[in-house]
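Subject: Structure handover

Hello,

Here is the structure you were going to look at. Please open it first, then read the notes below it.

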Amino acid sequence: MKISDSVFFVSGGASGLGEAVARRVLAHGAGGVVIADLNLGAAQKLSGELGDRALAVEVDVQSTDAISAAIDAGMDKFGRLDAAVNCAGIGWAERTLDRDSKAASIDNYRRVININLIGTYDVVRLAAEQMAKE
Ligand SMILES: NC(=O)c1ccc[n+]([C@@H]2O[C@H](COP(=O)([O-])OP(=O)(O)OC[C@H]3O[C@@H](n4cnc5c(N)ncnc54)[C@H](O)[C@@H]3O)[C@@H](O)[C@H]2O)c1
């Protein structure tokens with residue numbers, strides 16, 4: 001895809017894989033990057049370093065409203081959206097049965113699915129809807 005002048009929405013963009021994507025696309029001439037992350041402090045620190053073509057927005061990808069607001073904020077600043085990259089996620093490991101044969105927490109499992117799977121799809125569908133308007 002063409003990176004030059006394109007505007008990217010990067011969930012989880014404040015750290016790790018997402019931070020690397022934000023840095024890389026800007027280095028290749030992207031027009032803007034929305035760093036959409038739960039950790040606003042880290043997102044702001046990164047956007048401060050990257051300059052005017054970066055925008056930090058606080059987003060919990062478990063919230064459809066928060067994702068929509070972040071896409072809108074990116075549109076307000078950059079006027080277009082060309083790509084969405086999903087890096088927001090959490091790692092989690094737990095035995096199905098612990099050493100006392102107690103079952104793993106289903107709440108932990110639900111949280112991972114909500115963030116890593118449903119949150120990813122929610123970003124994809126809302127970003128696609130915005131792109132289709134352009
Ligand atoms: N780094 C790897 O080699 C690797 C390999 C395989 C899978 N993964 C998975 O990819 C994902 C990203 O990995 P990473 O190494 O970049 O992790 P990371 O922890 O460095 O970055 C994840 C980012 O997502 C943000 N985040 C977490 N929950 C969020 C939420 N609900 N809404 C918005 N942002 C949220 C965090 O604040 C953080 O900035 C994780 O799910 C990880 O398990 C990573």
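Read along the sequence, the protein follows the pattern β-α-β-α-β-α-β-α. That gives four helices and four strands, where helices (H or I, at least four residues) and strands (E, at least two) are DSSP runs numbered from the N terminus.

Two notes on conventions. Residues are numbered from 1 along each chain as its sequence is written. This is a predicted model, in which local features need pLDDT of at least 70 and side-chain atom pairs count only at pLDDT 80 or more, while totals for chains, interfaces and linings use all residues.

Overall picture

The C-alpha trace of the protein spans about 55 × 30 × 25 Å along its principal axes. Of the 134 residues in the protein, 34% are buried. A residue is called buried if 20 or more other C-beta atoms lie within 10 Å of its own, exposed if 12 or fewer, and partly exposed in between, with C-beta atoms placed from the backbone. Two residues are in contact if their C-beta atoms, placed from the backbone, lie within 7 Å. Among contacts between residues at least 6 apart in sequence, 59% join residues at least 24 apart.

The core

A nonpolar core is a set of buried Ala, Val, Leu, Ile, Met, Phe, Trp, Tyr and Cys residues joined through C-beta atoms within 7 Å. The largest one here has 33 residues, and F9, V10, V33, V34 and I35 touch the most other members. Two or more residues come from each of β1 (7-11), α1 (16-27), β2 (32-37), α2 (40-50), β3 (54-58), α3 (64-78), β4 (83-86) and α4 (106-133). As an example, V10 touches G18, V21, A22, V33, V34, I35, A36, V85 and C87, leaving out residues up to four places away in sequence.

Where two helices meet

α3 and α4 pack at an angle of about 40°, with their axes 10 Å apart. Axes are lines fitted to C-alpha atoms, for helices over the stretch in contact, and angles run from 0 to 180 degrees between N-to-C directions. The crossing of α3 and α4 is right-handed; a crossing is left-handed if the near helix is turned anticlockwise from the far one by less than a right angle, and right-handed if clockwise. On the α3 side the contact is made by T64, I67, S68, I71 and M75, and on the α4 side by D122, V123, L126, A127 and Q130. Six of the residues in this contact are nonpolar, three are polar and one is charged. For these classes, Ala, Val, Leu, Ile, Met, Phe, Trp, Tyr, Cys and Pro count as nonpolar, Asp, Glu, Lys and Arg as charged, and the others, Gly among them, as polar.

A127 is found in helix α4. Is A127 buried or exposed? A127 is buried, because 24 other C-beta atoms lie within 10 Å. Leaving aside neighbours within four places in sequence, A127 is in contact with F9, I71, L81 and A84. The C-alpha atoms of A127 and D82 are 8.7 Å apart, although the two residues are separated by 45 residues along the chain.

Around the ligand

There are 23 residues around the ligand, and G12, S15, G16, A88 and G89 come nearest. A residue is near a molecule if its C-beta atom, placed from the backbone, lies within 6 Å of it. The elements that give two or more residues to this shell are α1 and α4. By class, the shell has ten nonpolar, eleven polar and two charged residues.

Exposed positions

H28 lies in the loop between α1 and β2. H28 counts as exposed because it has 11 C-beta neighbours inside 10 Å. Residues up to four places away in sequence aside, H28 touches I3 and S4.

Most residues other than glycine have a negative phi. D5, in the segment before β1, has a positive phi near 70° and is not a glycine. S101, in the loop between β4 and α4, is also not a glycine and has a positive phi of about 65°. S101 counts as exposed because it has 6 C-beta neighbours inside 10 Å.

R95 also lies in the loop between β4 and α4. The C-alpha atoms of R95 and S105 are separated by 9.4 Å, and the two residues are ten apart along the chain.

Regards
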